[in-house]
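Visitor: Walk me through this model, please. I want the criteria behind each label.

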Amino acid sequence: MKKFDNVFVFDHPLIKHKIAILRDKKTGMKEFRELVEEITTMMTYESMRDVELVPVQVETPLETCTQYKVAEESIAIVPILRAGLGMVNGVHKVFPTARVGHIGMYRDEETFEPKEYYCKLPEGIEKKTVFLVDPMLATGGSACDALSALKKRGCKKIKLMSVIGAPEGVERVAKAHPDVKIYVSTMDRELNEHAYILPGLGDAGDRLFGTK
């Protein structure tokens, strides 16, 4: 796949370790959900590297000094329903006061293209750094549409985080939204004829919530 300046693929031993367990079809729902959350937390540390800080005065036991904090009300998490819900707590572990919005998409089984059915976002979303989260970046259709929906509502600082990415989907999003930073914990080989990622891990939503 062509290299894009707005795409960041993680190459960390701990993430690789957790991805190996996540893929295993014998991994149960509870452990699968915990792994998605843990991987998301590790990804969040790096993806927040360039968030805006504001100076604050802190009184230590010895003196007052200037320190820096992420501005209050400056972060929002927007999962793409339903699988994206599995990543919310992973971001909240790093920044627990982040507001949460939701975008609902379903995939047309004939065209494989996404259809939006729900969108509810925190007030003032246009002023926040938005973390759009979805475990699987397959065709890129849902991500592209969700990013467009956020931009229509005035969002200018958006980051997309996915656990598994397919080259086709990552490239599609990178080209359509070059202003959005895309973070993927691992890049898989390809999509199959049904637009599932290979080797992948199956349907992330079903494995997160115990449905089929």
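Guide: First, a definition: a nonpolar core is a set of buried Ala, Val, Leu, Ile, Met, Phe, Trp, Tyr and Cys residues joined through side-chain atoms within 4.5 Å. Buried means under 20% relative accessible area, exposed over 50%, partly exposed in between (1.4 Å probe, protein chains only). The model is predicted: local features need pLDDT of at least 70, side-chain atom pairs 80 or more, while totals for chains, interfaces and linings use all residues. Residues are numbered from 1 along each chain as its sequence is written, and side-chain values use heavy atoms, without hydrogens and water.

Visitor: Which residues have the most contacts inside the largest nonpolar core?

Guide: Leu22, Ile75 and Met161, in a core of 34 residues. Helix H2 (29-47) is one of its suppliers. H2 gives the largest share, 5 residues. Helices (H or I, at least four residues) and strands (E, at least two) are DSSP runs, numbered from the N terminus. Another core, of 26 residues, lies apart and includes Ile103 and Val173.

Visitor: What is Phe8 in contact with, leaving aside neighbours within four places in sequence?

Guide: Lys181, Ile182, Tyr183 and Val184. Contact means heavy atoms within 4.5 Å.

Visitor: Why is Tyr106 called partly exposed?

Guide: Tyr106 has a relative accessible area of 46%, which lies between the cut-offs, so the label is partly exposed. Tyr106 belongs to strand E6 (residues 102-107).
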